[in-house]
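User: I would like a close look at a single part of this model, followed by an account of how the rest of the chain is arranged around such details.

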Amino acid sequence: MKPSFFDLTHDELKALLTEKGMSGFGAAQIFDWVYKKWNFNPEEWTNVSNKTKELLLNEYDFSLLKVVWHGLSKDGTRKFLVKMNDGQTVETVAIPARDRLTLCVSSQVGCAVGCTFCHTATQGLKRHLKASEVVLQYITVQKWLMDNVHVEEKLTNIVYMGQGEPLHNFNNMKKATEIFLTQKGLGLGQRRITLSTSGLVPAIEKMAVDFPPVNIALSLHSARNDVRTELMPINKVYDLERLFKAIKQIPLKAHRRITYEYLLIEGMNDGPEDVEALANLLNSKESKINLIPFNEFPGSKYKRPTEQKVMWFLDQMIKRGYTCTIRTTKGSDILAACGQLKSEYDKLNLWEKDGPAVIPSIASTVLQNQVR
Ligand code: SAH
Ligand code: SF4
């Protein structure tokens, strides 16, 4: 199997061309064809030398990911299940909101962190995604939208909030981020990318000095060590004290404010003592809090609090001077809890029968489940 072209950063492509005795300037033209003109067939690149085209065609794979299932929610959210060369699949979700269309990409097949509220955790970690497989989620979905949706739908933002822990797959996510950002390619702005992490402290420390300055979201979920450990076993190893020591090293000027994601689970982290602990931990000037009412899924042991309880929590934080928002539920009619679509699809073992034929009927049996 040839390596994917989409694993190459602009500088790597330039170095490759120079090494083979070709002009390094060709790299900019090639990136222009691929990432600006959306042409993935080197044979059609008119201003690139035949020798360069031959090299690329012989040594690199230009194929996109295969969309094995897609669904459109009433609220406009589109969920895709994409298949990679080894047959593994991940979910990627396009979420519209006001003037943006955000793609929520996966970073791993499954996840090793094992949070007790997360559906992806039940799948364990199968493997890291390559940088190309992350970049290709964006390219594949954008190309799909261009080919299948008449009104122009352009992806504007990316969040690393799909399946997997992005900082566990540090090098590949760093490389994918570089490819997303380069002006020679997609040219996405730093503010348009948000990485969400469960709090892998050594990787956060490394990120502070060795990662492009994208927005950061931290999955906090509780400001009390005992509760957080129950929800996120990673807190046993990297507790709140160690976590916040690492977070303080991140240069805030570049990253602006950090967003703290706070899952609200009935009777677990939604009481007055939780509000107090959160207010003691976070500085209201430097933090943004995003409340996420828990999305239940079949077999989940937790419950979503009532709407009044969610509003009460929000109110408490706003009263204390925090910027605090609620993440609205998206795509509730298309198998939405993260990782759930993949699980349902795996169960039926439909890999060879590509196409949307069977999944929607499964979706209808789990209508109550919500995307985060
Ligand atoms: N692994 C990273 C990014 C992927 S998860 C992380 O944990 O941050 C993205 C977000 O979805 C996290 O904040 C996670 O806590 C949240 N999430 C996971 N399962 C959820 C569920 N059942 N309901 C609501 N949010 C959930
Ligand atoms: Fe992994 Fe994030 Fe799910 Fe935790 S919430 S198991 S870190 S994907």
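In which loop is H221 found?

Analyst: The model is a predicted one. H221 is found in the loop between β9 (215-219) and α7 (225-231). Its backbone deserves attention: phi of H221 is near 65 degrees, a positive value in a residue that is not glycine. Most residues other than glycine have a negative phi. As for solvent, H221 has a relative accessible area of 5%, and because buried means under 20%, H221 counts as buried.

W38 lies in the loop between α2 (26-36) and α3 (50-59). Its relative accessibility is 16%, so W38 is counted as buried.

T156 sits in the loop between α4 and β7 (157-160). With a relative accessible area of 19%, T156 is buried, the cut-off being under 20%. When neighbours within four places in sequence are left aside, T156 is in contact with D99, R100, L101, L188 and R192. E286 belongs to the loop between α11 (272-281) and β11 (287-293). Its relative accessibility is 42%, so E286 counts as partly exposed. E286 and R257 are 29 residues apart along the chain, and their C-alpha atoms are separated by 5.5 Å.

Helix α4 covers residues 131-148, and at 1.5 Å a residue its 18 residues should span 26 Å. Of the 18 residues in α4, 14 are buried, which leaves the helix mostly covered.

Packing between helices is illustrated by α6 (residues 201-210) and α9 (residues 240-247). Their axes are 9 Å apart and meet at an angle of about 10 degrees. The two helices are therefore roughly parallel to each other, since angles under 35 degrees are classed that way. From α6, the residues making the contact are V201, I204 and E205. From α9, they are R242, L243, A246 and I247. Sorted by class, the contact of α6 with α9 has 5 nonpolar residues, 2 charged residues and no polar ones. The spacing of these positions can be read against helix geometry. An α-helix has 3.6 residues a turn, so residues three or four places apart point the same way.

Cysteines come next. A search of the whole structure finds 0 disulfides. C104 has a relative accessible area of 8% and is therefore buried. C118, at 23% relative accessibility, counts as partly exposed, because it falls outside the under 20% range for buried residues.

The whole chain gives the setting for these details. The protein chain has 14 helices and 12 strands. Of its 372 residues, 58% count as buried; H221 is one of the buried residues, as is W38. Among contacts between residues at least 6 apart in sequence, 68% join residues at least 24 apart.

Technical notes
Residues numbered from 1 in each chain as written. Chains lettered and ligands numbered in written order. Predicted model: local features only at pLDDT ≥ 70, side-chain atom pairs only at ≥ 80, totals over all residues. Heavy atoms only, no water. Axes fitted to C-alpha atoms, helices over the stretch in contact; angles between N-to-C directions. Helix = DSSP H or I, 4+ residues; strand = E, 2+ residues; numbered from the N terminus. Parallel < 35°, antiparallel > 145°, perpendicular 65-115°, else oblique. Contact = heavy atoms within 4.5 Å. Nonpolar A, V, L, I, M, F, W, Y, C, P; charged D, E, K, R; others polar. Expected span 1.5 Å × (residues − 1). Buried < 20%, exposed > 50% of the residue type's maximum accessible area, 1.4 Å probe, protein only. Disulfide = S-S within 2.5 Å.
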